[in-house]
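Please examine the structure shown here alongside the briefing below.

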Amino acid sequence: MDADALTDARRAEWERLDQLSRARLDGDGIDELIVRYRAASADLAELKTSVGDSPQGAYLSTILVRARLRLTGASDSILTQTSRFFRWQLPAALYCLRWTTLVIAISFIAVAVGTAAWIASDPAIVATLGPPAALAQYAEESFTGYYTENPAAAFMGMVWTNNAWIAMQCVLFGVTGIWPVYVLVQNAMGLGTTGAIMAVHDKADLMVLYILPHGMLEMTCIFVAAAAGLHVFWAWVAPGHRTRGQALAEQGRALATVAMGLVFALFLAGLVEGFVTGWALPWPVKIGIGAAALAVFLIYMLVIGGRAHRAGETGDLVEYEAGTPRLVVG
């Protein structure tokens, strides 16, 4: 076979394929692209079989590569993916959890306050928590000493990794519907028990002052993680028009985004706990720093997240990253 003769005969068809691979296409254009791609692939196979490597074959290969990328898509660069994650995917996923997070926060506070009031109102229950001397020592020294007994950097790293692990568990094991609730109730009752001990020894105000700077953001992150986990569970219970597998996949991908994002938010909370809570700063300054950290998170979640949500983002991966969905009639 003469490579030049084949090129002359097919040049117009190959150029048309090249035009289609660069143009914005409707349904008919995509159909034509596929037909011409198959025909050009057959021409390339014939060229390689007859003459091996050739300038004509290299030219056609370039056109086919461009057409194939148009058909299959190409992965974005890491910078583009990172920008999309923080600008659109993460805030949209957080925004979708806003009301569940609020309900969880109110429920958590109710359980913690109720537990503290119940224990503190009955000396017999307080006595079961430990010897009076040990409880007094905890209220007078151990509670505040916890924030200063280790170097600030080491303490920050410890609380960050611990809280990030709890948050990831709430999201990843949320499909059970039990684990996030268990984590929340356990922490609320633990906080309530501590509050009762401090209240009995007239240190309730000190406890609030030590918890507020970092706790505002830290606990909000845990509430968001629990909300994410419960959303995964609900996607399994009530998938709607989707199959359970599809619902879990979509919700799981979106909320795994939340788990990764909370690592950064909890890092900020860890910085406040390690370098602000235990410092000898005026309490209004400490609480102001904590409130500012929470405000940054809430603005990101509600304002930026609301904008991303209105733009159609859900927090899920884009189609190229998630895989082609199942096509159905109607």
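The points that follow are grouped by topic.

This is a predicted model, in which local features need pLDDT of at least 70 and side-chain atom pairs count only at pLDDT 80 or more, while totals for chains, interfaces and linings use all residues. Residues are numbered from 1 along each chain as its sequence is written, and side-chain values use heavy atoms, with hydrogens and water left out. The structure holds eight salt bridges, and a search of the whole structure finds zero disulfides.

**Helix geometry**

- Helices are DSSP runs (H or I, at least four residues), numbered from the N terminus.
- Helix 10 covers residues 204-237 and spans only 41 Å between its end C-alpha atoms, whereas a straight helix of 34 residues would span 50 Å at 1.5 Å a residue.
- The expected span is 1.5 Å times one less than the number of residues in the helix.
- A kink of about 60° in helix 10 is centred on Gly-215; the bend at a residue is the angle between axes fitted to the seven residues ending there and the seven starting there.
- Helix 12 (residues 283-310) has 28 residues and reaches 39 Å from its first C-alpha to its last, close to the 40 Å expected at 1.5 Å a residue.
- Helix 12 bends by about 30° at Ile-304.
- Just after helix 12, Gly-312 adopts a positive phi of about 100°.
- Asp-202 has a phi near 60°, a positive value in a residue other than glycine; Asp-202 is found in the loop between helix 9 (179-200) and helix 10 (204-237).

**Burial and contacts**

- Buried means under 20% relative accessible area, exposed over 50%, and partly exposed in between (1.4 Å probe, protein chains only); contact means heavy atoms within 4.5 Å.
- Asp-202 counts as exposed, at 66% relative accessibility.
- The buried residues of helix 12 include Lys-286, Gly-290, Phe-297 and Tyr-300, and what covers the buried residues of this helix includes helix 4 (78-95), helix 5, helix 10 and helix 11.
- Thr-115 belongs to helix 5 (residues 98-120) and is buried, with a relative accessible area of 10%.
- Not counting residues up to four places away in sequence, Thr-115 touches Met-189, Gly-192 and Thr-193.
- Leu-206, in helix 10, counts as partly exposed at 22% relative accessibility.
- Leu-206 touches Phe-143 and Thr-144, again not counting residues up to four places away in sequence; Leu-206 and Thr-144 are 62 residues apart in sequence and 8.6 Å apart in space, C-alpha to C-alpha.
- Val-35, in helix 2 (residues 27-51), is exposed, with a relative accessible area of 54%.
- Val-35 and Trp-179 are 144 residues apart in sequence and 53 Å apart in space, C-alpha to C-alpha.

**Charged residues**

- A salt bridge is a side-chain nitrogen of Lys or Arg within 4 Å of a carboxyl oxygen of Asp or Glu. Lys and Arg count as positive and Asp and Glu as negative, while His and the chain ends are not counted.
- Asp-18 forms a salt bridge with Arg-66, their closest N and O atoms being 2.6 Å apart. Asp-18 lies in helix 1 (residues 3-22) and Arg-66 in helix 3 (residues 55-72), so the pair ties together parts that are 48 residues apart in sequence.
- Within this pair, Asp-18 counts as buried at 16% relative accessibility, and Arg-66 counts as partly exposed at 27%.
- Lys-203 is joined to Glu-140 by a salt bridge, with the closest N and O atoms 3.7 Å apart. Because Lys-203 lies in the loop between helix 9 and helix 10 and Glu-140 in helix 7 (residues 132-145), the pair ties together parts that are 63 residues apart in sequence.
- Salt bridges that share partners join Arg-16, Glu-32 and Arg-36 into one network.
- Glu-273, in helix 11 (residues 244-277), is buried yet has no salt bridge; the nearest side chain of opposite charge, Lys-286, is 12 Å away.
- Leaving aside neighbours within four places in sequence, the contacts of Glu-273 include Tyr-146, Tyr-147, His-214 and Glu-218.

**Cysteines**

- A disulfide is defined as a pair of cysteine sulfur atoms within 2.5 Å.
- The sulfur of Cys-221 is 12 Å from the closest cysteine sulfur, in Cys-170, too far for a bond.
- Cys-170 is buried, with a relative accessible area of 0%, and Cys-221 counts as buried at 0% relative accessibility.

How values were computed: Helices (H or I, at least four residues) and strands (E, at least two) are DSSP runs, numbered from the N terminus.
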